[in-house]
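Welcome, and please take a moment with the sequence and the structure below. A short tour follows.

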Amino acid sequence: MNSSHASTSSQVSLLSLLKDHFGFTSFRSLQEEIIRDALAGRDVVALLPTGGGKSLCFQLPALARSGLTVVISPLIALMKDQVDALQANGIAATFLNSSLTTQESRERLQGLHRGDYRLLYIAPERLMQPGCLRDLQRWHVNLLAIDEAHCISEWGHDFRPEYRRLVELRDRFPTLPIMALTATATGRVRDDIRSLLNLEDGACYVASFNRPNLTYRVQAKVNPYEQVLAVLQAQAQESGIVYCQSRKTTEQLAERLQRQGIVAKPYHAGLTAKERIHHQELFLRDDVHVMCATIAFGMGINKPNVRFVIHYDLPKNLESYYQETGRAGRDGLPSECLLLFSAGDTVKQQRFINEKPDLREQEIARTQLQQMVQYAECATCRRAELLHYFGESLEEGPCGACDNCLSPRETVDGTEDAITILSCVAQIRLNSRFGVGLNHVIEVLTGAKTEKVRRWGHERLATYGKGKNVHSRPEWAAMTRELIRLGYLQQRTEPFTILELTAQGRDFLQVRQPIKLTKPMSAPERKMPSAGSGDAAHDELLFIRLRQLRKKIADERDVPAYVIFSDVALRQMARAYPMTEQEFLQISGVGNRKLQEFGEVFLVAIAEYLAIHPRQDFSNESSHHPSSIVAKRTQLGSTVLETLRRFRSGQSVEEIAKQRGLAVSTIYGHVEQAIEAGESVDINQLLTPAHQTRIAAAFAKTGFGNLTGAKELLGGLYDYGQLRLFRAVYGKRER
């Protein structure tokens, strides 16, 4: 009885701390179990997905008892923002790193000696200095939390040599509990973390890697700049990251976007440390909306409202891809992940792999690249593919949030093509007594006159040149890779990567049963999906007002906007219209400290808004209900309404853009938003009846979802803005 009472009391205490300091009323998956183990003094390994609440697992125990929690992090540039967020929640936290002056470091060390802090963030290099290690023994440390723990493993996608010295901590502090946390790790990396840190006897928690709020899409990389621009225009004023392979591409892309009126900055290792920190701060504070970056950017980035992540180039492996896409939607709201894929990017990656001096490293990298390409080209659920890589299965059917589930690709009769490919592989093996790689098979099929083809006599094979005028080389390569996935071919990687027939492939050549192959990807243009679960309808105009207020307060305090309130909290305010302190406390993320700090100013802003705007009813959120159309109209911002007024007065899109100092594409976007919100627009102002007939015929062939296809079919005579508005007016009939 007493034990039960103590357990209940403990739970109430933790929940009370959770609400008072963080504004939440319940724990996320595995958080409470991890926290209780930490409070019991046990070692813990925790693998939680990005946005899964890793930080709370060591922050809440720091509040529940006396002493100091030391957080080891490689992210010097982000420590200040993390500490700012804790201090905004009334938590005594600080950091020590090279960004501080000597005086600042001295003052913080004095505070640590006095026991003023509950949490200390520190980089591994600083921690392992002899003086700091001696100080740890004096500071009454109760937990060492190692964030981004995958950095300790050479098999991790972001190995950092300085992390290896952390293995010394167990010898120096054998009784001190250690918590190792990461958002991504395969089984091999997980075992490495436990072994190197001597955590085999500790608890290991592995949450689902599924991020249900993320939508995964892959498009054939045809016109990458236009494809990126389409996403950015659909996500106007939202924050996002575009990952590029080279430094040059990040700078060129950022420059083009800036000329288009989109606030973008580059980020790569070639910039000075000062430039990188400045660009990152602009992004964190919502002064820059788009970061065009190499993989040097983003690990552990604590920005919850990243609404999209685009991969302009192919990532080198699935673990990096998962980690990078995981920077979207940390607040749980619907977010987009788009990968632009081309066979040319695969060739580039292979060149980088061939430059590696270690042959074993080359083979590992090739295997990882094959897995990445398989993901990009697969016709099955992309979420299931990702989860399978991490040893997890998707229990439900179609996920409903990837392109392959939302718009399954067409399959075609691939029997003859499969016979051609498999026969070519078989003939090469029979003729030469050795196997060759995929690229050489495609060269034989398409009649290439390379030195190897001539040296090995492969121009004399019956299949030489048989596929030259049937499909392009990328299409033959895609079909060959699909035959590998289907089990008709296999790739052996030692000592060289070669293609070989499987028993299934040999049987097929004997019996020749019909086989279906997936039609190669095109570059479809699809509107962003409407907000799903976790993004309930709200008063968009009030949300914009509250976001402006949040930005003003954040700038005054020199902290990122999300430190004040998350987008989730602002959307709830714009839905519930809280009028009292008690109602304000019901908003997610609002604890007593946030109520004291910001409650009055936000309650006044909501009251002032309601004094001149009617309260909207969101009890019926069906997009087909007439009331939702009225709500949509009220959601149009003042800048969109001003564009609409000028357009209706007879001004052209170009005239409006020039007079308002905006990009033409932005004005097209305004008019499209107005149409989607139910406003009437005369399309005859833009297009004659003859033009409309021609465009309608093109869309009839490509479908309203394929904007790029229609543009190409029309010979580029119409720009994307004209086609978008035509689709907005007439495409509704097809929905």
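## Charges over rings

This is a predicted model. Lys303 sits over the face of Phe283, 5.1 Å from the ring centre. A second case involves Arg382, whose charged end lies over the ring of Tyr375 at 5.6 Å from its centre.

## Aromatic pairs

There are 11 aromatic pairs in the structure. One of them joins Phe58 and Tyr121 edge-to-face, with 6.5 Å centre to centre and 70° between the planes. Because Phe58 belongs to helix α3 (residues 56–64) and Tyr121 to strand β4, this pair ties together parts that are 63 residues apart in sequence. Both Phe58 and Tyr121 are buried.

Elsewhere, Phe209, Tyr322, Tyr389 and Phe390 make up one aromatic cluster.

## The sheet

Now for the strands: 7 of them form an open sheet with parallel pairing, in the order β3-β4-β2-β5-β6-β1-β7. The edges are β3 (93–96) and β7 (203–206); each has a single partner strand, so one side of each is left without a neighbour in the sheet. On average, neighbouring strands are turned by 15° against each other, direction ignored.

Between the parallel strands β5 (residues 141–146) and β6 (residues 178–182) there are 3 bridges, and Leu144 has Ile178 in β6 as its bridge partner. Helix α5 (residues 102–114) packs on the sheet, where it touches β2 (68–72), β3 and β4 (119–122). The direction of α5 makes about 130° with that of β3.

## Helix α21

Buried residues in α21 include Trp476, Met479, Arg481 and Glu482. After α21 comes Gly487, with a positive phi near 95°.

Definitions and conventions
Residues are numbered from 1 along each chain as its sequence is written. This is a predicted model: local features need pLDDT of at least 70, side-chain atom pairs count only at pLDDT 80 or more; totals for chains, interfaces and linings use all residues. Side-chain values use heavy atoms; hydrogens and water are left out. Two strands pair if DSSP finds at least two bridges between them. Helices (H or I, at least four residues) and strands (E, at least two) are DSSP runs, numbered from the N terminus. Axes are lines fitted to C-alpha atoms, for helices over the stretch in contact, and angles run from 0 to 180 degrees between N-to-C directions. Contact means heavy atoms within 4.5 Å. Buried means under 20% relative accessible area, exposed over 50%, partly exposed in between (1.4 Å probe, protein chains only). Rings of Phe, Tyr and Trp (its six-membered ring) pair if their centres lie within 6.5 Å; planes under 30 degrees apart count as stacked, over 60 as edge-to-face and the rest as tilted. A charge sits over a ring if NZ of Lys or CZ of Arg is within 6 Å of the ring centre and within 35 degrees of the ring normal.
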